[in-house]
Structure formats: structure tokens, C-alpha cells
Amino acid sequence: MYGRRIFLEFVLLIFLPLVFAILIPFAYKYVKGIHTGWFVLLVPLLLFGYYLSFIPLTMDGGHAISEIKWIPSLGITFTSYIDGLSLLFTLLITGIGSLVVLYSIFYMDKHKEDLGSFYVYLLLFMTAMLGVVQSDNTMTLYLFWELTSISSFLLIGYWYTRDRSRFGALKSMMITVFGGLMMLGGFILLSMMGDSFSIRELIAQAPELVNQPYFTLALVLILLGAFTKSAQFPFYIWLPDAMEAPTPVSAYLHSATMVKAGIYLVARFTPIFGTSSTWIWLVTGIGLLTLFWGSFFAVKQTDLKAILAFSTVSQLGLIMSLLGAGAISYHTTDAMFAFATYAAIFHLINHATFKGGLFMIAGIIDHETGTRDIRKLGGLMSLMPLSFTVALIGSLSMAGLPPFNGFLSKEMFLDSMVALQHFELFQFDTWGILFPIIAWIASVFTFTYSLYFVLKTFLGKGKVDLLPKRPHEAPIGMLLSPLVLASLVLVIFFIPNLVGKWIIKPAVMAVQPTLYASPSDIKIHVSAWHGFDSVALWLTVAIVITGTLLYLTIPKWQPLYRLQPAKLSLNEAYDALMRLGEKGMNRLSRVYMTGRLRTYLLYMFAFLSVTVIAVLFMKDAFMIDMNSFAAISLYGVLNAVILLLSVGFVVFSRSRLAAIIALGGVGYSVALFFVIFKAPDLALTQLVIETVSVALFLLAFKHLPALNTHGETTKNKVVNLIISLSVGVMVTLVALSSHSQKLIPSISQYYKDTVATEAGGGNIVNVILVDYRGFDTLFEIAVLAIAGIAVLGMIRLRVSSRKETTDENK
Amino acid sequence: MKTNDVILQTTTKVVFFIIFLFSIHIFFAGHYTPGGGFVGGLLTTGAIVLLLLAFDLKTVQLALPFNFTVVTAIGLLLALGTAAGAIVFDVPFFTHAFDYFELPLFGKTSLHTAMLFDSGVYLVVVGSAITIIQSIGGDD
């Protein structure tokens with residue numbers, strides 16, 4: 001359904017930032033006069049402008065597809081699929097991206113910072129993020145997904161000389177990559193079930209997929225990916241540590257875009273998984289838990305950015321829970337749940353606007369006062385009036401007060417949560433009452449930390465003289481982006497339905513394509529005033545009252561946080577896990593990797609005999625066919641006795657010389673066996689080889705230490721005895737069984753028949769060696785040659801290295 | 001250091017050639033009767049070891065002025081060359097050719113390219129075995 005002709009393969013635009021990133025180092029190196037950011041700014045602005053042109057298309061429920069084949073044989077393509085949902089995220093990425101780049105131009109110092117790397121990482125991230133939200137192919141979606149993890153890792157660790165930066169970067173990498181890999185597993189399961197990598201095709205097959213055996217597993221794996229990326233409980237712990245990144249990065253990645261990749265994933269896969277109760281319970285439940293947890297712990301923080309990080313965690317939980325509740329609309333016609341999806345998308349936009357602004361303000365405060373510690377700040381209102389205004393607007397919107405956009409989405413959120421308790425499927429009627437209660441408590445804390453954030457910083461007496469820098473208002477360029485975002489906060493409050501018509505309704509339709517034929521079917525009209533009979537209104541009033549009370553009494557109840565022992569925190573659990581990974585695994589490998597050859601031989605032989613004997617018995621392969629045995633000759637018996645005696649002598653001998661001689665005895669009796677069994681060539685070779693090797697043993701004899709027991713204990717001896725016995729038994733059993741079960745006749749008759757005619761020889765053994773299977777011989781003499789050269793090399797090199805060390809000593 | 005091993009050395013001078021001739025015989029007879037390049041090579045090695053026992057390392061090196069690593073290399077080349085030579089005649093690698101000839105003194109005899117390959121084996125065995133023994137024996 002193309003609304004208009006698209007003249008460009010717009011999937012290529014995804015790679016525009018990446019291509020531009022190649023040019024950045026040159027711009028940074030050769031154009032010293034101009035801040036590199038100005039060049040970078042072009043990219044998101046251009047993209048934003050271009051993507052705006054898709055709005056009319058998606059408004060009518062249309063979508064656009066552009067595709068380049070990457071690995072066609074595997075069905076992996078770069079497909080850019082733009083519908084309402086993708087477009088919303090694309091506009092967020094490019095729009096907030098432009099503002100963040102603008103902000104960073106004033107934030108990042110031209111002379112002190114390595115801007116080249118910074119903007120390369122940032123553009124890399126932009127491509128990755130555009131790829132995530134536009135990909136229709138799960139494999140390329142995964143590719144871009146990991147690219148966001150990597151670029152985020154680079155950005156968090158941007159000030160790589162700081163320990164905390166490196167720790168935070170590593171932590172976020174570990175957690176998000178863990179989730180990414182789980183998600184890849186889920187994608188693979190999905191593509192196995194649906195036989196396609198394309199998300200659209202998978203959505204089309206959604207009704208059949210539900211009954212597949214791995215459906216729930218795929219669901220959980222994909223949710224793990226979404227939860228780790230979107231910092232849901234208990235994976236949120238990387239986000240507060242990621243605040244070591246430069247503030248523009250925190251504003252961009254860790255509030256507006258990357259952390260919403262998980263939200264995007266959940267929304268995108270709702271048409272596939274949404275009908276499942278597991279999905280609804282997990283997404284709603286974890287979302288609410290995260291909402292509560294994040295808002296509760298935000299008040300504990302003293303760092304401005306940490307407060308915002310926890311607030312982000314909590315708001316992401318809110319959006320997540322709304323998406324979960326929205327999926328209920330597959331089961332009921334209650335309009336309230338269609339409402340929930342709408343609210344989720346709405347709040348997503350609102351959160352991006354006010355949180356982006358707040359982060360930038362936190363950055364400005366840090367930049368202008370030299371600290372982000374809320375305990376040191378205060379009384380900045382008159383010094384930084386513009387920042388204060390923006391911060392106030394952002395905070396009140398976050399708290400959910402009119403006339404700011406947060407109010408509208410918060411009202412819708414409360415309405416949805418209240419509606420949840422009336423839902424009658426999946427035991428929601430028993431547990432449903434918990435949802436509005438938790439939501440309400442979390443909202444109270446949200447209100448409290450919003451006040452805490454803005455009032456503690458800007459009001460009060462303050463200790464302006466004690467601050468590291470003399471605070472003053474930030475340059476206007478730096479304030480420009482937060483001002484734009486703050487005005488958006490206001491504007492959206494007054495025109496929510498326009499935003500709804502242009503952006504939200506198409507997105508809702510993309511999340512629940514089966515429910516609506518076109519975006520205009522979504523009959524939702526957002527209004528700030530519902531009348532006095534609205535439940536949400538009274539809940540909000542209660543939130544404001546309780547929240548204000550809580551804020552005023554913070555010093556009284558803050559000690560409550562100390563009740564939680566530090567040892568029991570999730571961060572501690574993560575650290576313990578990492579310690580376990582490093583030290584525990586180290587210890588484990590030290591236990592079995594003793595470095596002693598004896599131990600390894602023990603493992604190998606024990607494993608060999610146990611597995612072979614077990615297989616023999618399991619397959620019932622053991623048998624002895626007495627009939628196939630030849631008659632035993634007297635010479636054979638005598639020779640066997642000699643052989644056994646020699647072997648016994650080798651094993652029990654206490655002198656090395658005696659052992660060597662006994663070994664020679666073994667060799668000669670084997671040669672005798674060859675004579676008895678009519679193998680003259682073998683007998684000859686064995687005889688000579690045995691002589692040469694005994695001579696070599698004797699040659700090396702004077703260099704060898706005395707034969708000692710190497711500290712063998714009785715226990716060792718017993719273990720050795722058992723292992724060697726079992727290996728002996730195993731080999732004997734295998735030899736007997738395989739001898740008794742010959743499946744195919746030997747090929748030796750062919751050799752006998754053709755040796756004179758085909759090969760012109762009489763000695764079959766020799767003809768086989770040099771003619772029929774001369775290849776083997778060729779490489780055996782190569783082995784011999786290598787052995788000779790190796791001995792020569794070993795002895796010569798040892799001598800020369802000894803000489804070198806003595807030279808050094810002189 | 002060495003005592004006067006007149007008997008040993010004299011016997012060696014005789015026995016060496018007997019062993020050597022026997023090893024040559026074994027080598028050539030290999031295609032029809034037990035023997036071949038490997039055993040032949042080892043027996044030659046045995047003869048040289050006998051020399052080494054009776055005389056010392058330097059004397060033997062003077063008597064047999066070969067570099068045995070080069071001998072090994074020649075043997076490998078000979079074996080590989082024989083095998084590769086088949087390609088020239090547009091037959092698969094390692095195809096041997098033979099025919100019967102009426103030679104003076106020997107009578108009807110077959111000449112076989114496998115013999116060339118076997119001489120490669122022989123040289124490699126002698127070369128590497130002596131290399132090993134010389135380098136271990138020459139090390140203090």
C-alpha cells in the first residue's frame with residue numbers, strides 16, 4: 001500500500017549516519033576552527049525532515065517498504081519497513097538526535113574532548129537505532145540491536161580513563177548482550193516455527209504460531225531481550241551505572257531512544273505474542289514492578305543523573321505495563337484496553353520530551369556548578385532562571401500535573417490500571433485489584449521524586465559559595481534544546497489529539513493490526529478534563545496530596561532505605577555473579593587442571609574405558625564367537641608366556657636398565673609372534689626396530705634420572721591399577737567382540753589375485769606399501785624425516801640457547 | 001679413552017660389508033621376497049651403527065662423508081618425484097609402471113618404478129636414523 005511514489009530506496013538512509021561517521025575524523029582533524037558537531041547536526045536534521053514526509057502515508061494506515069538483499073540464500077535482507085510504529089520511533093531518534101547533537105556542541109569542549117570519537121560513536125548509534133526500528137527482518141534487527149549495545153558501550157566508556165566509566169560500560173554491555181543473545185534464540189525459534197525471518201510474515205501467521213511447541217519459550221526469550229535493553233526489573237541495574245557517560249549521551253541513549261528499543265520490541269511483537277496470557281502477565285507484571293521499584297528508589301539517590309536514571313527505569317516500566325494491558329484488547333471488546341496501547345505510545349512520546357529536557361538540565365547544572373550532588377545544590381532558581389523553568393516544566397510533567405503532557409498520559413495510565421481489575425480472564429479478577437494499587441503508590445513516589453529533583457536543586461537557601469564553580473546561566477545554545485523540548489511538553493498538552501491523529505493512532509494500529517482497519521477506527525479522544533466523575537482525576541488529586549506530604553517529610557522517612565542491607569541489593573548480586581564468573585571459574589579450573597600430565601591421562605583413560613564399556617553394554621554388542629578362533633599352537637602359548645613375563649618385569653622392575661631390557665624382551669617376543677603368524681616382513685622390521693630403539697634407550701640412559709616412584713601413594717597406586725585394568729578389559733572386550741562380528745569379507749583376496757599381473761611383484765606386503773597404498777608410505781617417511789630433523793633441532797637448539805645464556809651471564 | 005679394540009675393529013671391517021651387502025640384497029629382493037626399502041634401510045643403519053660402536057664418531061664421519069639430513073631430503077624428493085612423475089604421463093598421481101626386460105647377467109627381470117620409490121624410502125630411513133643417532137651420540 002504505497003501512499004505515494006517513493007523515489008529513493010530509503011533503506012539506504014539507515015546507513016547515512018554510518019557513512020557520515022567515516023568522514024567525521026577528517027572533519028575533526030582538518031577543520032579545527034569549527035566544532036565538529038555542526039557537521040554532524042546536518043545528518044539527523046536531514047533525516048528528520050525526510051521522515052516527516054511519511055506522516056501522510058502512515059496516517060491513512062499505509063506503510064512503505066524498501067529492501068536490499070544481503071544474504072538472499074538465507075532469506076536475510078535489509079528491509080526498511082515504515083509503518084506508524086517505526087515512524088514514531090524514527091522521528092524520535094532523528095528529532096531528539098538533532099537536539100542532542102545541538103546540545104552537545106555546547107556541552108562538549110572543542111579543545112579538551114576527543115570529539116572525533118564521540119561523534120563517530122554517536123552516528124554509529126544512530127544507524128543502529130534506525131536499523132532496529134525499521135528492520136522487518138529479525139536477523140538484521142538483531143544485527144542492529146547488538147550494534148546499539150556496542151555503540152552504547154563505547155559511549156558510556158567515552159571517558160575511558162575513569163574507572164567508573166569502564167565499569168558502567170562493561171556492566172551495560174554484559175547485561176544487554178546477554179539479553180540480545182537470548183533474543184536471538186527467540187528469533188531463531190520463531191523463524192523455525194514460522195519458516196520466515198520477516199516480522200510481517202510472522203505476524204500474518206500469528207494464529208498458527210500460538211499452538212507451536214516452542215511458542216512460550218520464544219516468547220520468554222524475546223522478552224528477556226526487551227527487558228534487558230529497556231532496563232526492566234531486575235535488569236535495570238546497568239542504567240544507573242551508565243550515567244557515567246557524557247550527559248548528551250545519557251539524554252539521548254538512556255532516556256529517549258536506546259532504552260526504548262525494548263519497548264519497541266514488545267510493541268512490535270504484540271501481534272504475535274499478545275494473545276498469550278503469559279505475555280500479558282509478564283509484560284504487565286514486570287512493568288508494574290519496575291515502575292514501583294524505580295520510583296521508590298529514585299528518592300534515595302543523591303546524584304541528579306541517578307535520580308533521572310531511576311525515574312527512567314520507572315517510566316519505562318509504566319510504558320511496558322501499559323503495553324501489556326493493551327494486549328488484553330485481543331480478548332475483550334472493552335474500549336479501556338485499546339486505550340492502554342494508546343496511552344503507552346502517548347507516554348512514550350511524552351517521556352522522551354520531558355526526560356530528554358531534564359537530562360540536559362542536569363548536564364547544564366553539572367557544567368555550570370561543577371557538581372551533580374543534590375546535597376550540595378540548592379537556591380539556583382534566581383541564578384539560572386531559564387534552566388529552572390525548563391526543569392520545572394519537565395518535572396511537573398513527569399509528576400503528571402496539568403498543563404503538561406505527562407498529565408494526560410498519566411491519567412490514561414491510571415484509567416487503564418483501574419480497568420484491569422474488571423478483566424475476567426487469566427485470574428485477573430483475583431489479582432487485578434493489586435494493579436491499580438501498585439500503580440497508585442508508584443505514582444505517588446513519582447510525584448515525590450519529581451518535586452525532590454527540581455525543588456532541592458533550585459529552591460532553598462543553597463550553598464552557592466561552596467560550589468566548585470561560580471554558577472551562572474548557561475549559554476543560550478546549550479539551553480536551546482531543552483527549551484524546545486519543554487515547549488513541546490506544553491504544546492502536546494494543548495494539541496494531544498493532533499499528535500494522536502498524526503502519530504499515535506498509526507502506531508497503535510501497527511501494534512494491533514488485526515483490530516483496526518485504519519487509524520481512524522480508533523475512537524479515542526484525549527481530553528484534559530473528564531469531569532468530576534472520572535476516577536483518574538480523584539486518584540491524581542490523592543497523588544498530589546500524598547506526594548506533597550511525602551516530599552515534606554523526606555528527612556523523616558528517608559532512613560527507611562537503610563533498612564535494606566547493602567549485601568542484598570541487585571548490584572551486589574550482579575557483582576557477586578561476576579566474581580563467581582571470574583574467581584569461581586578460576587578456582588574450578590584450577591581444581592581439575594592440575595598441570596600434571598598424570599592427572600590428564602587419568603581423565604582420558606577413565607573417560608575412554610567408561611564410555612566404551614558403557615556403549616558396549618548398552619548396545620548389547622558384546623559377544624564371543626568361539627568358532628572363528630584358530631587353533632592355538634604350542635609355540636604360540638610358549639611365546640605368550642615369555643611375553644607376559646617380560647611385561648610383568650617391565651611393570652614391576654625397580655631398575656631402569658632392567659626395565660629397558662625387559663622391554664626389548666617384549667619387542668623380540670612380538671617379533672616371534674610375527675614369525676609364528678607368518679608375517680616375515682613384519683618380523684624383520686620389528687626385530688631391527690626393536691634393536692635400534694633399545695639401543696637408543698640405552699644411549700639416552702645415562703641422562704635419565706633413577707627410576708623412582710614420584711611420590712606415589714597407595715591411593716594413587718590403587719587408582720592407577722583400577723584405571724589400567726579397566727582400559728585393558730575394555731580393549732580386550734572390544735577386540736573380542738569385533739573379531740566375532742565380521743560384517744563384510746576382507747579385501748585381501750583382490751591383492752592376492754592381482755599382485756603379479758597388475759603390480760609386477762611377488763611380496764604382497766611390500767607391493768601394498770609401495771604400490772597399492774604408496775600414499776601412506778610417502779607420508780610415513782615424511783614423519784620419519786620430521787622426527788630426525790626434530791631430534792637434530794632439539795639437541796642443536798638446546799646447545800645454542802645454553803651458549804646464549806652463558807654469554808649473557810658474562 | 002678408548003682401549004685397543006683390535007679384534008672388534010677388525011671384525012667390524014669384515015662384518016660391516018656383509019651386513020651392508022645383506023641390506024642391499026633385502027632391499028632389492030623386497031618386491032618378491034620379504035624385505036624392502038624400510039628393512040633394507042634399517043639394516044644399513046645397523047651396519048653404520050656397528051661402525052660407530054667400533055670407531056668413534058669423527059672417524060665414521062670421515063669414512064662416510066655424507067650429510068645425512070641431505071640424504072633424508074634426497075630420499076623424500078626421490079619418493080615424491082616418483083609419485084609425481086606419473087602426472088607427466090597423464091595417469092593419476094602414484095601410478096607405477098613396470099615391464100620385463102632381458103638383461104645380461106640377470107636374465108629376465110622386471111624393472112619397476114616402485115623400486116625408485118623404495119630407494120627413496122631407503123634413503124629417508126638411513127638418513128633420519130643416522131641423523132638421530134649422530135645427534136644424540138654427539139651431544140654431551
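Which helix of chain A holds both Arg166(A) and Asp163(A), and how many residues apart are they? Both lie in helix H7 (residues 163-194), three residues apart, about one turn of the helix. Helices and strands here are DSSP runs, numbered from the N terminus, with at least four residues (H or I) for a helix and at least two (E) for a strand.

This is a predicted model: local features need pLDDT of at least 70, side-chain atom pairs count only at pLDDT 80 or more, and totals for chains, interfaces and linings use all residues. Residues are numbered from 1 along each chain as its sequence is written, chains are lettered from A and ligands numbered from 1 in the order in which they are written, and side-chain values use heavy atoms, with hydrogens and water left out.

1. Arg166(A) forms a salt bridge with Asp163(A). The closest N and O atoms are 2.5 Å apart. A salt bridge is a side-chain nitrogen of Lys or Arg within 4 Å of a carboxyl oxygen of Asp or Glu. Arg166(A) is partly exposed, at 42% relative accessible area. Asp163(A) is exposed, at 56%. The cut-offs: buried is under 20% relative accessible area, exposed is over 50%, and partly exposed is in between (1.4 Å probe, protein chains only).

2. Asp83(A) forms a salt bridge with Arg268(A), the closest N and O atoms being 3.0 Å apart. Asp83(A) lies in the loop between strand E2 (76-82) and helix H4 (84-107) of chain A, and Arg268(A) in helix H13 of chain A, so the pair ties together parts that are 185 residues apart in sequence. Both Asp83(A) and Arg268(A) are buried.

3. Other charge pairs. Lys69(A) forms a salt bridge with Glu67(A), with 3.4 Å between the closest N and O atoms. Lys69(A) is exposed, at 57% relative accessibility. Glu67(A) is partly exposed, at 35%. Arg164(A), Lys171(A) and Asp241(A) are linked in a network of salt bridges. Over all chains, the count by this rule is 11 salt bridges.

4. Thr270(A). This residue lies in helix H13 (residues 259-273) of chain A. Thr270(A) counts as buried because its relative accessibility is 1%. Beyond residues up to four places away in sequence, Thr270(A) touches Trp279(A), Ala327(A), Tyr330(A) and Val511(A). Contact means heavy atoms within 4.5 Å. Thr176(A) is 94 residues from Thr270(A) in sequence and 21 Å from it in space, C-alpha to C-alpha.

5. Asp366(A). Helix H16 (residues 335-369) of chain A holds this residue. Asp366(A) is buried, with a relative accessible area of 17%. Neighbours within four places in sequence aside, Asp366(A) is in contact with Tyr107(A), Thr371(A) and Arg372(A).

6. Cis peptide bonds. The bond from Phe233(A) to Pro234(A) is cis, with omega near -5°. Pro234(A) sits in the loop between helix H10 (215-229) and helix H11 (238-241) of chain A. The bond from Pro402(A) to Pro403(A) is also cis. Its omega is near 0°. Pro403(A) is in the loop between helix H17 (385-399) and helix H18 (405-420) of chain A.

7. Ala231(A) has a positive phi of about 55° although it is not a glycine. Ala231(A) lies in the loop between H10 and H11 of chain A. At 0% relative accessibility, Ala231(A) is buried. In chain B, Phe94(B) has phi near 75°, again positive in a residue other than glycine. Phe94(B) lies in the loop between helix H4 (68-88) and strand E1 (98-103) of chain B. Phe94(B) is buried, at 8% relative accessibility.

8. Chain B overall. Chain B has five helices and two strands. Along the sequence the pattern is α-α-α-α-β-β-α. The C-alpha trace spans about 60 × 35 × 20 Å along its principal axes. Of the 140 residues in chain B, 42% are buried. Among contacts with a separation of 6 or more in chain B, 63% join residues 24 or more positions apart.

9. Chain B against chain A. The contact takes 38 residues from chain B and 36 residues from chain A. The two chains bury about 3200 Å² between them, 76% of it on carbon and sulfur atoms. Buried area is the accessible area (1.4 Å probe) that two parts lose on being put together, summed over both. Across this interface the rule finds zero salt bridges.
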